[in-house]
Amino acid sequence: MAAGNMTAVVFGGGGFIGRHLVRRLAKTGAVVRVPSRHPTWLAFLRTAGVVGQIVPELVGAYDDEELAATIQGADVVINLIGILAETRRNSFERIHAALPGRIAAAAASAGVRQLVQVSALGADAHSVSAYARSKAAGEEAVKVAFPQATIIRPSIVFGPEDQFFNRFAAMSQISPILPLIGGGHTRFQPVYVGDVADGIMKVLSSPEAAGKTYEFGGPLTYSFRELMELLLAEIGIKRLLAPVPWKLASFQARFAEFLPGPPLTRDQVELLKQDNVLSGSAPGLTDLGIQPAAPELILPTFLDRFHKGGRTGLQRTYP
């Protein structure tokens with residue numbers, strides 16, 4: 001099916017990865033439907049396409065009836081919905097484990113041609129982290145309901161609206177110290193959001209991707225300390241990098257969990273005890289013909305507002 005004749009439903013289309021993916025889908029001429037409890041908040045997405053091409057849709061309870069109606073007539077469905085911390089309303093079990101399976105079941109019933117479930121690197125049914133276990137449970141539920149679904153496991157994703165570099169850069173503006181949880185030894189393989197979106201687009205145009213699990217990571221691995229050093233060097237300021245032992249981090253997280261949008265949770269501390277790098281046993285971006293960009297190339301395009309002295313005038317390109 002030609003992309004211009006395609007209808008795509010993107011769950012989580014207004015989020016960090018979603019807005020980049022919606023932009024790419026629109027460029028192909030596809031009609032993009034974006035379900036949301038607050039569709040008016042997604043008006044900014046409409047500018048990525050022509051009139052009527054990008055359609056935010058109201059989905060209130062995400063019950064089976066609503067999911068069936070939302071997915072009806074779609075050619076492809078992509079689920080990007082995820083949370084970093086649990087709330088009273090949204091648990092990992094509900095959002096990461098149950099909802100993907102229900103979306104997959106609705107997609108199968110509707111005769112959807114292709115389903116992409118975006119999970120997370122480190123998804124593991126046996127992990128101490130509830131986040132990692134729920135991601136693995138969601139993958140399994142999707143495979144049961146839609147065996148030909150493609151699973152994508154990205155490492156930590158960075159880019160203009162990320163919650164990693166931007167968060168620590170903002171912290172550096174008000175604090176003389178940046179914490180290194182567990183000493184800052186955990187290793188990551190950060191992947192640029194534009195590369196993740198490009199990877200999803202490649203999967204959508206690759207019949208051979210059906211039923212496969214991909215791991216998306218950048219070209220280099222870094223310790224947490226090295227990422228903080230890279231960040232500080234880019235924004236041109238000096239801060240003390242202070243190691244925080246695991247037990248102390250968990251103790252602090254116990255109280256931070258009561259804050260809205262908690263900066264750290266006990267589950268995240270557990271998650272940080274495991275490296276977040278490619279296993280080498282699954283296909284990745286390079287297998288899809290994409291050479292991932294390193295953070296050193298991308299950070300200057302969106303961190304200039306944090307630069308000492310307020311550096312401005314950089315050419316911003318968000319491919």
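Is Tyr62 buried or exposed? At 9% relative accessibility, Tyr62 counts as buried, where buried means under 20% relative accessible area, exposed means over 50%, and partly exposed is anything in between (1.4 Å probe, protein chains only). Before going further, note that this is a predicted model, in which local features need pLDDT of at least 70, side-chain atom pairs count only at pLDDT 80 or more, and totals for chains, interfaces and linings use all residues. Residues are numbered from 1 along each chain as its sequence is written, and side-chain values use heavy atoms, with hydrogens and water left out.

Back to Tyr62. You'll find Tyr62 in the loop between strand 3 (54-58) and helix 2. Helices (H or I, at least four residues) and strands (E, at least two) are DSSP runs, numbered from the N terminus. Most residues other than glycine have a negative phi. Tyr62 isn't a glycine, yet its phi is positive, about 55 degrees.

Now for some charged pairs. A salt bridge here is a side-chain nitrogen of Lys or Arg within 4 Å of a carboxyl oxygen of Asp or Glu, and a search of the whole structure turns up 7 of them. One of these joins Asp64 to Arg102, with the closest N and O atoms 2.9 Å apart. Asp64 sits in helix 2 (residues 64-71) and Arg102 in helix 3 (residues 92-109), so this pair ties together parts that are 38 residues apart in sequence. Asp64 is exposed, because its relative accessible area is 52%, while Arg102 comes in at 28% and so is partly exposed.

Another salt bridge brings together the side chains of Arg153 and Glu139, at 2.7 Å from N to O. Arg153 belongs to strand 6 (residues 150-154) and Glu139 to helix 4 (residues 130-145), so to speak a link between distant parts of the chain, 14 residues apart. Both Arg153 and Glu139 are buried. Lys273 and Glu270 make a further salt bridge, with 3.3 Å between N and O. Lys273 has a relative accessibility of 38%, so it counts as partly exposed, and Glu270, at 24%, counts as partly exposed too.

Rolling a probe the size of a water molecule over the atoms shows where empty space is left. On a 1 Å grid over the protein atoms alone, a cavity is a set of points where a 1.4 Å probe fits but cannot get out, whereas a pocket is an open set with protein on both sides within 12 Å along at least five of seven lines; lining residues have an atom within 4 Å of a point. Grid points are joined across faces, edges and corners, and a volume is the space filled by probe spheres set on the points.

How many cavities of 30 Å³ or more does the structure hold? There is 1. The largest cavity holds about 30 Å³ of space, and its lining is made of Ile81, His96, Pro100, Gln117, Ser119, Lys135, Gly138 and Glu139. Helix 3 and helix 4 are the elements that give two or more residues to this lining, and helix 4 has the largest share, with 3 residues. By class, the lining of the largest cavity divides into 2 nonpolar, 4 polar and 2 charged residues. For this count, Ala, Val, Leu, Ile, Met, Phe, Trp, Tyr, Cys and Pro are nonpolar, Asp, Glu, Lys and Arg are charged, and the others, Gly among them, are polar.

Next, a pocket. The second largest pocket has a volume of about 250 Å³. Around the second largest pocket you'll find Ala85, Glu86, Thr87, Arg88, Phe92, Ala130, Glu257, Pro262, Thr265 and Asp267. That lining has 4 nonpolar, 2 polar and 4 charged residues.

On the surface, Leu248, Phe251 and Phe255 form a nonpolar patch with about 310 Å² of accessible area together. Patches are made of residues with over 30% relative accessible area and no salt bridge, with like charges joined within 9 Å and nonpolar side chains (Val, Leu, Ile, Met, Phe, Trp, Tyr) within 5 Å. The areas come from the Shrake-Rupley method with a 1.4 Å probe, and for residues, only the protein chains shown count as cover. Phe251 has its place in helix 8 (residues 246-256) and is partly exposed, because its relative accessible area is 48%.

Glu215 lies in strand 11 (residues 213-216) and, at 7% relative accessibility, counts as buried. Ala197, in helix 6 (residues 193-204), is buried with a relative accessible area of 0%. Ala197 and Ala98 are 99 residues apart along the chain, and their C-alpha atoms are separated by 24 Å.
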